[in-house]
Amino acid sequence: MECTFIIARFDPDRDPRRYHQRYTVSAEPTDKILDCLNRIRAEQDPGLAFRASCAHGICGSDAMVINGRVELACQKLVRDFKTANNFVIEPLPLFTVLKDLIVDLEPFFEKYRQIRPYLIAGREPPEFERLQDPEKQKVIDPALRCILCASCTASCPISRVNPDYLGPAALLRAFRYVFDSRDEAADSRLGELDTEDGAWGCKTMWWCSDVCPKEIPVTKCIGQIKRALKAKRTAR
Ligand code: SF4
Ligand code: FES
């Protein structure tokens, strides 16, 4: 079948204006949106810029807005959309567009680095390995599915109005370490999250959980951070 793709274009080296370009492409209902974009680039427009790598929902590089909703282009099939084969493709909101569908994710990864995304364990390691408490592992398991695609943060209404807010993805990663029994920095991590730019910035709008392609209950995880913060205050 023939599908129409209306794709946001922007190339600041050639033209400071943004515009939309229409392409027609043959596609099967089972084709991924990413397949269609690849076909457009290969057959019609080698200048079309977008990020993608694994094509299997693992690398998190092809988040974009498809028909008004943030999606991974490799996880959505043509037949998933009831729009008479018309697609409008736009870059992730919130971030600065560098070219076409490519946005500058440096602010996203800056927030990610800010929460110290690694185990902090100062004690001498045991002979073989530091063992995780199985119950704690169950708590953090959903967060481990995160592929850092930025869909949640790009969709978060709080991130749009407060550029200093850590955002759902960074908070989710912080959650993953706060509740890891091997990590010895939970107290200082919680101290850093106990602000309006941290966990309290979340107003439980649920947009992050709604768009997450890995179906991670991001808002609930942030809620668990808030409960830990309240428990910490009560224990003082
Ligand atoms: S929580 Fe979900 S939407 Fe957010 S970065 Fe991770 S995988 Fe992407
Ligand atoms: S291309 Fe890797 S997640 Fe889509």
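The following dialogue goes through selected features of a predicted model.

Student: What conventions apply to the numbering and to the model?

Tutor: Residues are numbered from 1 along each chain as its sequence is written, and chains are lettered from A and ligands numbered from 1 in the order in which they are written. Because the model is predicted, local features need pLDDT of at least 70 and side-chain atom pairs count only at pLDDT 80 or more, while totals for chains, interfaces and linings use all residues; side-chain values use heavy atoms, with hydrogens and water left out.

Student: How many helices and strands are in the protein?

Tutor: Helices (H or I, at least four residues) and strands (E, at least two) are DSSP runs, numbered from the N terminus. The protein has nine helices and seven strands. Its C-alpha atoms fill a box of roughly 60 × 40 × 30 Å along the principal axes.

Student: How is burial read, and what percentage of the residues count as buried?

Tutor: Buried means under 20% relative accessible area, exposed over 50%, and partly exposed in between, with a 1.4 Å probe and protein chains only. Of the 236 residues, 49% count as buried.

Student: Which residues of the largest nonpolar core touch the most other members?

Tutor: In soluble globular proteins, nonpolar side chains tend to be buried together. A nonpolar core is a set of buried Ala, Val, Leu, Ile, Met, Phe, Trp, Tyr and Cys residues joined through side-chain atoms within 4.5 Å. Here the largest core has 70 residues, and F5, I7, I33, F87 and I89 touch the most other members. Helix α6 gives the most to this core, with seven residues.

Student: What is I33 in contact with?

Tutor: Contact means heavy atoms within 4.5 Å. Neighbours within four places in sequence aside, the contacts of I33 include F5, I66, F87 and I89. For the protein, 64% of contacts between residues at least 6 apart in sequence join residues at least 24 apart.

Student: Which residues are buried in α7?

Tutor: They are R189, L190 and L193. Seen down the axis of α7, the buried residues fall within an arc of 100 degrees, so they line one face of the helix. These residues pack against α6 and α9 (218-235).

Student: Where does phi take a positive value?

Tutor: L148 is not a glycine, yet has a positive phi of about 55 degrees. L148 sits in the loop between α3 (134-140) and α4 and counts as buried at 17% relative accessibility. For W206, also a residue other than glycine, phi is near 70 degrees. W206 is in the loop between α7 (186-193) and α8 (207-211), and at 44% relative accessibility it counts as partly exposed.

Student: What does R69 touch?

Tutor: R69 lies in strand β4 (residues 69-72) and is partly exposed, with a relative accessible area of 33%. Not counting residues up to four places away in sequence, R69 touches M64, D210 and V211. The C-alpha atoms of R69 and D180 are 33 Å apart, with the two residues 111 apart along the chain.

Terms used. The arc is that of the directions from the helix axis to the C-beta atoms.
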